[in-house]
Amino acid sequence: MARQTTIVGNWKMYGSRAMAERFVAGLPAEASAVELVVCAPAGLIALLAPALAPRGVGLGGQDCHPHAEGAHTGDTSAALLADLGATYVIVGHSERRRDHGETDALVRAKAVAALAAGLTPIICVGETLAERDSGAATAVVAAQIACSVPPGDVVVAYEPVWAIGTGRTASVQDIADMHAMLRGLVGAETRLLYGGSVKPGNAAEILAAANVDGALVGGASLNPAEWLAIAAAALAR
Ligand code: PEP
């Protein structure tokens with residue numbers, strides 16, 4: 001079966017009720033042939049669920065706790081995200097690995113918790129600039145896959161850390177090489193997204209690379225016009 005092209009927006013720690021309402025108002029009424037997913041701050045999930053569903057836009061969280069519930073102040077369970085209307089959750093984003101010291105083992109446990117709650121985890125992997133410059137990028141990413149991706153219906157996002165929010169993107173050849181390696185590891189059915197400064201101006205060439213099934217978009221996903229332009233590039237490929 002052909003893999004569904006998917007464009008995921010990661011709003012990071014941006015957004016407000018007013019911004020979410022403006023965003024929804026900027027979306028077309030009918031669903032796109034490309035799967036669109038907004039991964040919003042946890043506090044906006046309940047507001048966005050009934051607004052995005054009629055437009056055929058999916059919803060996801062940006063993190064979940066590895067336990068189903070418990071005394072974990074400030075954390076959000078995968079079950080609550082699902083209960084509020086999410087069907088996806090990002091786990092292992094490099095900003096969480098950096099800010100919260102998340103290890104591959106923890107990321108894997110979060111992905112398992114997401115699957116148990118009926119969510120599809122979007123598991124992020126990617127090397128730092130020092131790792132790329134030292135020639136270790138492939139080995140680093142392969143190890144992250146081995147240690148943070150459980151069996152099951154998951155999405156993998158390759159996001160070179162040095163390309164996130166920096167305006168720098170990996171070259172199309174580097175993306176194709178990494179995705180070819182990843183395809184060999186994750187098999188034919190798992191969607192592989194690229195993330196790292198994807199914008200309307202570079203989306204077409206990135207999305208045309210072999211084994212790229214879509215994009216995980218940060219900054220450009222906050223503006224519906226830019227995000228939809230990326231989705232249009234995905235449709236045209
Ligand atoms: C991200 O947040 O996963 C991301 C890729 O951000 P940006 O598109 O801003 O680089």
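Which polar side-chain atom lies 3.0 Å from an oxygen atom of the ligand? Select N10 to find that atom. Before going further, note that this is a predicted model, where local features need pLDDT of at least 70 and side-chain atom pairs count only at pLDDT 80 or more, while totals for chains, interfaces and linings use all residues. Residues are numbered from 1 along each chain as its sequence is written, and side-chain values use heavy atoms, with hydrogens and water left out.

**Around the ligand**

Next, pick E159: an N or O atom in its side chain is 2.7 Å from an oxygen atom of the ligand. Then move to G165, where a backbone N or O atom lies 2.6 Å from a ligand oxygen. The protein buries 98% of the 290 Å² that the ligand exposes when taken alone (Shrake-Rupley areas, 1.4 Å probe).

Now show the whole shell of 14 residues; the closest are K12, H93, E159, G165 and S197 (a heavy atom within 4 Å of the ligand). Coloured by class, the shell has four nonpolar, eight polar and two charged residues (Asp, Glu, Lys and Arg are charged; Ala, Val, Leu, Ile, Met, Phe, Trp, Tyr, Cys and Pro are nonpolar; the others, Gly among them, are polar).

**On to H179**

Select helix α8, residues 172-186, and find H179 in it (helices are DSSP runs of H or I, at least four residues). H179 is buried, at 0% relative accessible area (buried means under 20%, with a 1.4 Å probe and protein chains only). Its side chain reaches the backbone oxygen of N211 at 3.0 Å. Leaving out residues up to four places away in sequence, H179 touches Y158, L192, L193, Y194, A210, N211 and V212 (heavy atoms within 4.5 Å).

Technical notes:
Helix = DSSP H or I, 4+ residues; strand = E, 2+ residues; numbered from the N terminus. Buried < 20%, exposed > 50% of the residue type's maximum accessible area, 1.4 Å probe, protein only. Polar contact = N/O pair within 3.5 Å; in protein donor to acceptor, adjacent residues only side chain to side chain.
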